[in-house]
Amino acid sequence: MPVDPPASRSLLPLLGAGDGAPSAPHPEALQTGTHGDACCAPTATRHSGEAATPSMPRGARSTRGQVHIDGGSFWMGDSHGDGYAADGEQPVHAVRLSSYFIDAKTVTNAQFATFVKSTGYVTDAERDGVSAVFHLAVDAAPADVLRRVAGVPWWLTVRGADWRHPAGPRSSINDLQNHPVVHVSWRDAQAYCRWAGKRLPTEAEWEHASRGGLDRARYPWGDDLRPGGRWRCNIWQGDFPHRNTLDDGFLTTAPVTTFTPNGYGLHNTVGNVWEWCQDAFRSTEYVDRAGPEAVVDPVAADPADVPDAHVPRVMRGGSYLCHDSYCNRYRVAARSSNTAESSSGNIGFRCANDAA
Ligand SMILES: [Ca+2]
Ligand SMILES: [Ca+2]
Ligand SMILES: [Cu+2]
């Protein structure tokens with residue numbers, strides 16, 4: 001049910017895109033990300049301090065739930081001209097990867113609950129007290145719906161929205177054990193990976209794995225969005241952002257093993273939830289890296305002069321909100337980003353590992 005913010009709240013000043021200044025008027029402020037047109041996910045300005053990541057003990061290496069991917073070369077980037085220039089999906093360039101492991105599915109609520117039970121970890125959204133929920137999904141008292149996010153009014157800042165309460169304080173994950181965990185920041189994903197004896201995939205590993213062995217295809221299964229007229233991923237059908245026809249069966253998240261896996265056995269790389277990658281995001285990354293030789297095991301490092309929480313990190317794959325009329329980021333080549341401290345109801349992650 002759509003929930004309108006109370007009038008007194010909706011009059012609060014809204015932040016503009018790209019304003020990450022410490023003088024932000026409200027600690028719970030959420031704003032649009034670097035992509036002004038993003039359905040994708042709003043950016044949080046949090047004042048909740050340092051992440052608990054560095055103190056998280058690293059667990060014994062584990063490849064449980066992961067598939068082994070043979071190293072090799074592939075063409076990375078958008079070969080179809082489908083993307084937005086500002087996202088930097090081109091030029092297509094050769095990348096050579098060492099062998100690696102990657103999760104067949106995104107981390108579930110049940111898995112994240114095990115992590116939290118064992119470590120007492122508190123996520124960025126929980127420490128800050130707010131996260132972003134899609135307007136048609138909100139399950140919260142009106143007083144807990146603080147405001148609409150500037151520039152992307154279908155995102156609401158909801159007090160008490162977190163991984164245990166993905167639609168707001170009145171919601172729970174009781175019936176969502178096998179759904180992707182959401183409202184987890186990049187920093188939260190790092191903490192989980194350390195504990196699990198895993199790591200985030202690099203952006204190159206993610207794209208290679210999502211391609212499932214196909215060469216330069218648009219989607220993990222080929223070039224047609226709906227082969228045989230059947231949906232292969234959980235995105236948006238209908239008129240974004242108000243009417244979803246639910247043709248694929250899901251308004252928000254789907255269980256992590258929904259739909260046929262790709263050629264490498266990976267489920268839902270495109271659609272369902274955005275997935276954090278290790279890399280810092282730079283729209284010029286491919287331009288800088290492309291050359292006559294294949295790039296070997298690339299990963300974009302943090303810009304040294306930016307506080308860690310505000311470094312934009314790569315997200316890949318698009319989410320249940322992506323729609324061809326609006327953002328078209330449910331392709332294997334599509335790139336987006338959000339800051340390391342941001343969270344929303346459509347961002348999750350899967351883990352990777354070195355081959356040895
Ligand atoms: Ca859907
Ligand atoms: Ca996904
Ligand atoms: Cu999108």
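In what order do the three strands of the open sheet stand, and is their pairing parallel or antiparallel? The legends below take up this point and others in a predicted model.

**Figure 1. The open sheet of three strands in the predicted model.** The strands stand in the order E3-E6-E17, and their pairing is antiparallel. Strand E3 (66-69) and strand E17 (352-354) are the edge strands, each of which pairs on one side only. From one strand to the next, the twist averages 25 degrees. Strands of a sheet pair through backbone hydrogen bonds, in either a parallel or an antiparallel manner.

**Figure 2. The pairing of E3 with E6.** Four bridges join E3 to strand E6 (residues 100-103) in the antiparallel sense. Opposite isoleucine 69 stands tyrosine 100, which belongs to E6.

**Figure 3. The largest nonpolar core.** This core has 78 residues, and Val133 and Val158 touch the most other members. Helix H4 (residues 186-196) supplies the largest share of the core, six residues. In soluble globular proteins, nonpolar side chains tend to be buried together.

**Figure 4. The surroundings of valine 158.** When neighbours within four places in sequence are left aside, the contacts of valine 158 include Val130, Ser131, Val133, Val138 and Ala140. Asp144, Val145, Leu146 and Gly168 are also among them.

**Figure 5. The protein as the setting for these views.** The secondary structure comprises six helices and 17 strands. Of the 356 residues, 52% count as buried. Among contacts between residues at least 6 apart in sequence, 76% join residues at least 24 apart.

How values were computed: Residues numbered from 1 in each chain as written. Chains lettered and ligands numbered in written order. Predicted model: local features only at pLDDT ≥ 70, side-chain atom pairs only at ≥ 80, totals over all residues. Pairing = 2+ DSSP bridges. Helix = DSSP H or I, 4+ residues; strand = E, 2+ residues; numbered from the N terminus. Axes fitted to C-alpha atoms, helices over the stretch in contact; angles between N-to-C directions. Buried ≥ 20, exposed ≤ 12 C-beta atoms within 10 Å, placed from the backbone. Contact = placed C-beta atoms within 7 Å. Core = buried A, V, L, I, M, F, W, Y, C linked by C-beta atoms within 7 Å.
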